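Student: I have a new model open. Can you show me how to read its features?
Tutor: Let us look together.

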Amino acid sequence: MTDAATPSVLQLRVVVEAVDYDQAVAFFRDTLGLPEYLAFAEGGDERVVILDAGRATLEIANPVHKQAIDRIEAGGAESPHIRLAFEVTDTEGATRRLEAAGGRVVASPVITPWQSLNSRLDAPAGVQVTLFQELLDSGERAVLDGFSTDAERSGDDAMPGD
C-alpha cells in the first residue's frame, strides 16, 4: 500500500513518434505554446524534445462514454483510442492558430454539457487533440447533473483504501 502523501507516480509523459519532427515541434511548441522542458540529440538525425504541458491527468473512459464524448464534441466523428486534451484559455483562438499551423479541424468549438468549450483537431504526427476551455470552476461544475464520483454512484462514501 502506498502513502497517499507520497505519490508513486511523479509525471505522465506521452511519447509520440513524428515523421515530420519539425512540423510537430512547430505545432505543439511554437503554436500551441507548450514550453520546451528538455531536448536531446545523440548525434546524426536523432532528435527528441520534451514539452511542458502543465499538470497532466489520465482520463479513462469506457467505450460508451467515449462514444458520448465523440457525439458531443465532434458530431459523432470517432476519436482514436488515445487522444490528447489540452486545457487552453481561448479555445476559439487556439483552434484558429493550430489550423493555420497545419492542424485539420475535426470539430469546431462547441459548449459541452459539462460547461467547457471544446474543439477537436487532427495534429501532426497522427495525433488527435481536443482543446478545452473551462467555462465554470470545478466547484460550480461538480454540482451539475451527472457529476459524481464512483463511490457516490455506488452509495459507498468511503474513500479507496479506507
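What follows is a short walk from the whole chain to single residues.

Student: What kind of model is this, and how many helices and strands does the protein chain have?
Tutor: The model is predicted. The protein chain has five helices and six strands. Along the sequence they run α-β-β-α-β-α-β-β-β-α-α.

Student: What share of the residues counts as buried?
Tutor: The cut-off for buried is under 20% relative accessible area. In the protein chain, 26% of the 162 residues count as buried. The accessible surface comes to about 11,300 Å². Carbon and sulfur atoms hold 52% of that surface.

Student: How do I read contacts along the sequence?
Tutor: Take contacts between residues at least 6 apart in sequence. Of these, 49% join residues at least 24 apart.

Student: Now a single helix. How many residues does H2 have, and how far does H2 reach?
Tutor: An expected span is 1.5 Å times one less than the number of residues. H2 covers residues 63-74, which is 12 residues. From first C-alpha to last, H2 reaches 16 Å, close to the 16 Å expected.

Student: Which residues of H2 are buried, and what covers them?
Tutor: Ala68, Ile69, Asp70, Glu73 and Ala74 are buried. Their cover includes strands E4 (104-111), E5 (116-123) and E6 (127-134). Gly75 follows H2 and has a positive phi, near 60 degrees.

Student: Where is Thr91, and is it buried or exposed?
Tutor: Thr91 lies in helix H3, residues 91-100. Thr91 counts as buried because its relative accessibility is 0%, and the limit is under 20%. Leave aside neighbours within four places in sequence. Thr91 then contacts Pro109, Leu117, Asn118, Ser119, Leu131, Phe132 and Gln133.

Student: Which residues make the nonpolar surface patch?
Tutor: Leu12, Val14, Val16, Leu58 and Ile60 make a patch of about 520 Å². One of them, Leu58, sits in the loop between strand E2 (46-51) and H2.

Student: Why does Leu58 count as exposed?
Tutor: Exposed means over 50% relative accessible area. Leu58 has 66%, so Leu58 is exposed.

Student: Which residues other than glycine have a positive phi?
Tutor: Gln115 is one of them, with phi near 60 degrees. Gln115 is in the loop between E4 and E5. Ala125 has a positive phi of about 70 degrees, although it is not a glycine. Ala125 is in the loop between E5 and E6.

Student: How exposed are these two residues?
Tutor: Gln115 is partly exposed, with a relative accessible area of 26%. Ala125 also counts as partly exposed, at 30%.

Definitions and conventions. Residues numbered from 1 in each chain as written. Predicted model: local features only at pLDDT ≥ 70, side-chain atom pairs only at ≥ 80, totals over all residues. Heavy atoms only, no water. Helix = DSSP H or I, 4+ residues; strand = E, 2+ residues; numbered from the N terminus. Buried < 20%, exposed > 50% of the residue type's maximum accessible area, 1.4 Å probe, protein only. Contact = heavy atoms within 4.5 Å. Patch = residues over 30% accessible without salt bridge, like charges linked within 9 Å, V, L, I, M, F, W, Y side chains within 5 Å. Areas by Shrake-Rupley, 256 points an atom, 1.4 Å probe, with all protein chains shown as cover. Salt bridge = Lys/Arg side-chain N within 4 Å of Asp/Glu carboxyl O.
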